[in-house]
Amino acid sequence: MTIKHHLTDALLMSYAAGTLPEAFSLVVATHVSMCDECRARAGSFDAVGGGLLEEGPVAAVSADCLAATMALIRETKAERAERKPRVAGVLPRPLQDCVGGDLSAIKWRPAGLGVKQAILSTADGATARLLYIPAGSAVPDHGHRGTELTLVLQGAFRDQTDRFGRGDVEVADEDLKHTPVADIGEDCICLAATDAPLRFSSWLPRLAQPFLKI
Ligand code: ZN
Ligand code: ZN
């Protein structure tokens with residue numbers, strides 16, 4: 001797996017500082033678990049943040065799937081080598097911990113035009129969902145009111161900017177308008193997080209938006 005599209009320094013720094021909404025942290029943690037380069041960068045920000053934290057009061061951390069994720073990121077290589085993978089599957093471990101298994105544990109709901117989604121339970125402030133885009137299908141043309149992080153877990157998609165394969169993460173903001181289309185040959189599964197509703201161009205997805213929470 002060659003990862004071409006990585007997280008920004010700003011995202012990794014906010015992640016290390018613990019200031020990201022939970023849904024974004026989940027995407028960052030999942031990418032970091034797949035990507036040696038971002039894991040090293042996150043580690044260096046962590047060391048800086050750790051130094052600062054020693055001076056100040058200790059912050060309380062919520063006890064949820066994120067805590068398990070953070071523990072996983074911090075474990076040493078030896079510990080990682082010792083631990084047996086829970087399920088060898090499509091979902092990286094931080095996501096398996098959230099979903100409670102691999103793909104078979106996901107309760108997909110139709111989101112229109114063959115696309116399916118499963119909204120993950122995370123704290124307020126941003127929404128995380130798994131998206132299932134059948135091979136050759138598209139997510140309707142849309143813009144963004146905030147930030148959208150999309151991490152590919154299976155297959156690949158292409159949009160106006162580039163092609164994104166397994167492990168790649170796309171960081172979209174207000175300036176980007178795109179139509180992600182899954183590659184022909186394999187259904188595409190992504191983890192996506194948004195902190196504001198998308199801006200769909202056509203009326204049908206706009207009508208469905210409140211129901212899909214997208
Ligand atoms: Zn990376
Ligand atoms: Zn988008």
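**Exercise 1.** What does the accessible surface of the chain come to, and what share of it belongs to carbon and sulfur atoms?

*Solution.* The model is predicted. Start with the total: the accessible surface is about 11100 Å². Then take the share: 57% of that area belongs to carbon and sulfur atoms. Next, turn to burial. The chain has 214 residues, and 44% of them count as buried; the cut-off is under 20% relative accessible area.

**Exercise 2.** Describe how strand S3 sits in the fold, and find its partners.

*Solution.* Step one: burial. Six of the seven residues of S3 are buried, so the strand is largely enclosed by the rest of the structure. Step two: the pairing with S2. Strand S2 covers residues 116-120 and runs antiparallel to S3, with five bridges. Six residues separate the two strands in a hairpin. In its turn, Gly125 has a positive phi of about 115°. Step three: the pairing with S10. This one is also antiparallel, over seven bridges. Step four: follow Tyr132. Lys116 stands opposite this residue of S3. In S10, its bridge partner is Ile189.

**Exercise 3.** Locate the largest cavity and characterise its lining.

*Solution.* First, search the whole structure: one cavity of 30 Å³ or more turns up. Its volume is about 160 Å³. Next, list the lining. It has 18 residues, with Leu131, Val139, Glu148, Thr150 and Ala192 nearest the centre. Then sort by class: 10 are nonpolar, five polar and three charged. Finally, assign strands. S3 (127-133), S5 (148-154) and S10 (188-194) each supply at least two lining residues.

Note on methods: Residues numbered from 1 in each chain as written. Chains lettered and ligands numbered in written order. Predicted model: local features only at pLDDT ≥ 70, side-chain atom pairs only at ≥ 80, totals over all residues. Heavy atoms only, no water. 1 Å grid on protein atoms, 1.4 Å probe; cavity = no way out; pocket = protein on both sides within 12 Å on 5 of 7 lines; lining within 4 Å. Points joined across faces, edges and corners; volume = space filled by probe spheres on them. Helix = DSSP H or I, 4+ residues; strand = E, 2+ residues; numbered from the N terminus. Nonpolar A, V, L, I, M, F, W, Y, C, P; charged D, E, K, R; others polar. Buried < 20%, exposed > 50% of the residue type's maximum accessible area, 1.4 Å probe, protein only. Areas by Shrake-Rupley, 256 points an atom, 1.4 Å probe, with all protein chains shown as cover. Pairing = 2+ DSSP bridges.
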